[in-house]
Amino acid sequence: MKKRLFIFAGYDADGIIDDALIYYVSQLKKFGDIVLCMDCDAPKSETDKIKKHCLHVIATRHGEYDFGSYKRAYIFARDNDILKNYDEVYLVNDSVFGPTLDMSKTFDKMESTKFDATGLIVSTHRTHSYMESWFVRLNNKIATSDWFNEFITSVAKQPTKNRVTVKYEHGLSRTIKNNKCSWVGIYTIWGRTTYNYPKFLFNRGCPFIKRASFTRHNGAIGNQIKYILEHCDTHATNAIMKTANRIYGTEYMNWLLTSNPLKICARKIKYAKQKIFRGHK
């Protein structure tokens with residue numbers, strides 16, 4: 001069995017270690033060791049909820065988004081001289097809910113390739129493609145290299161989230177290639193497919209739902225989310241719903257997950273009209 005280290009980036013606006021995060025981390029623990037870094041100030045009473053699943057937990061606001069958390073978790077692993085102990089090092093974050101499916105097949109797919117790095121999702125745009133940085137596998141050669149150490153430890157606070165995406169998320173794929181290593185994706189998507197078509201990805205075996213899907217398109221994605229929650233593991237559904245009710249409110253979630261086909265259709269029409277109107281501005 002391969003030895004895996006998960007460098008996990010988390011965030012909660014209220015500094016809470018919630019049900020969804022505990023569930024996610026507890027499922028990952030079945031497959032390897034975890035160093036968790038939260039970009040928020042979480043009290044000991046919160047971090048105590050999850051520390052049994054982790055090698056180490058950091059919960060201090062730094063404002064450098066997920067890559068700032070990856071940096072801090074990586075530095076802990078590097079300085080404690082444990083990176084060499086792992087065959088695979090994963091960068092993962094909690095911008096998703098899940099896993100909604102058993103992770104065994106996902107790891108088999110990601111680790112059966114002959115590439116140095118694997119992104120669960122590769123996003124393709126007009127000019128370039130890149131691994132979405134919320135679930136990325138790096139082999140030991142990359143994780144212990146001087147150039148990766150230089151890349152990840154150079155992460156600094158950026159003026160906008162978009163700048164973080166371009167400099168670090170896109171930059172990770174570019175840096176791997178520039179250092180003569182190879183990467184590939186399990187699911188290759190176009191544009192916003194990860195956010196807009198979670199049911200499509202779920203039925204292909206992707207075990208996560210982007211949190212942003214819960215608030216996109218005037219609720220028009222709600223029927224896809226409802227489908228996934230009705231077809232995934234009950235424990236996953238319960239954890240996701242507890243956290244979603246806390247973040248978005250029970251009233252909103254009841255509205256989002258309606259089974260009424262007329263309401264669903266009306267939301268799609270309303271969103272389409274809004275999109276057309278914005279396009280003609």
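**Notes on salt bridges and one arginine**

1. Let me begin with E64: its relative accessible area is 11%, so E64 is buried (buried means under 20% relative accessible area, exposed over 50%, and partly exposed in between, with a 1.4 Å probe and protein chains only). The side chain of E64 forms a salt bridge with that of R72, at 3.0 Å from N to O (a salt bridge is a side-chain nitrogen of Lys or Arg within 4 Å of a carboxyl oxygen of Asp or Glu). R72 itself is partly exposed, at 25% relative accessibility.

2. A word on the basis of these notes: this is a predicted model, where local features need pLDDT of at least 70 and side-chain atom pairs count only at pLDDT 80 or more, while totals for chains, interfaces and linings use all residues. Residues are numbered from 1 along each chain as its sequence is written, and side-chain values use heavy atoms, with hydrogens and water left out.

3. How many salt bridges does the rule give? The count comes to 16. One of them joins the side chains of D39 and R61, at 3.0 Å from N to O. D39 sits in the loop between β2 (33-38) and α2 (44-47), and R61 in the loop between β3 (56-59) and α3 (65-79), so this pair ties together parts that are 22 residues apart in sequence. (Helices, H or I of at least four residues, and strands, E of at least two, are DSSP runs numbered from the N terminus.) D39 is buried at 5% relative accessibility, whereas R61 is partly exposed at 46%.

4. Next comes the pair K141 and D116, whose side chains meet in a salt bridge of 3.3 Å, N to O. K141 belongs to helix α5 (residues 140-143) and D116 to the loop between α4 (104-111) and β6 (117-124), so the pair links parts 25 residues apart in sequence. K141 is partly exposed, with a relative accessible area of 48%; D116 is buried, at 11%.

5. Please also look at D12, D14, D18 and R246, which are joined into one network by salt bridges that share partners.

6. Finally, where does R216 lie? R216 is in the loop between β10 (209-210) and α10 (222-231), and counts as partly exposed at 22% relative accessibility. Apart from neighbours within four places in sequence, R216 is in contact with R192, Y195, N196 and I221 (contact means heavy atoms within 4.5 Å). R216 and Y271 are 55 residues apart in sequence, and their C-alpha atoms are 9.4 Å apart in space.
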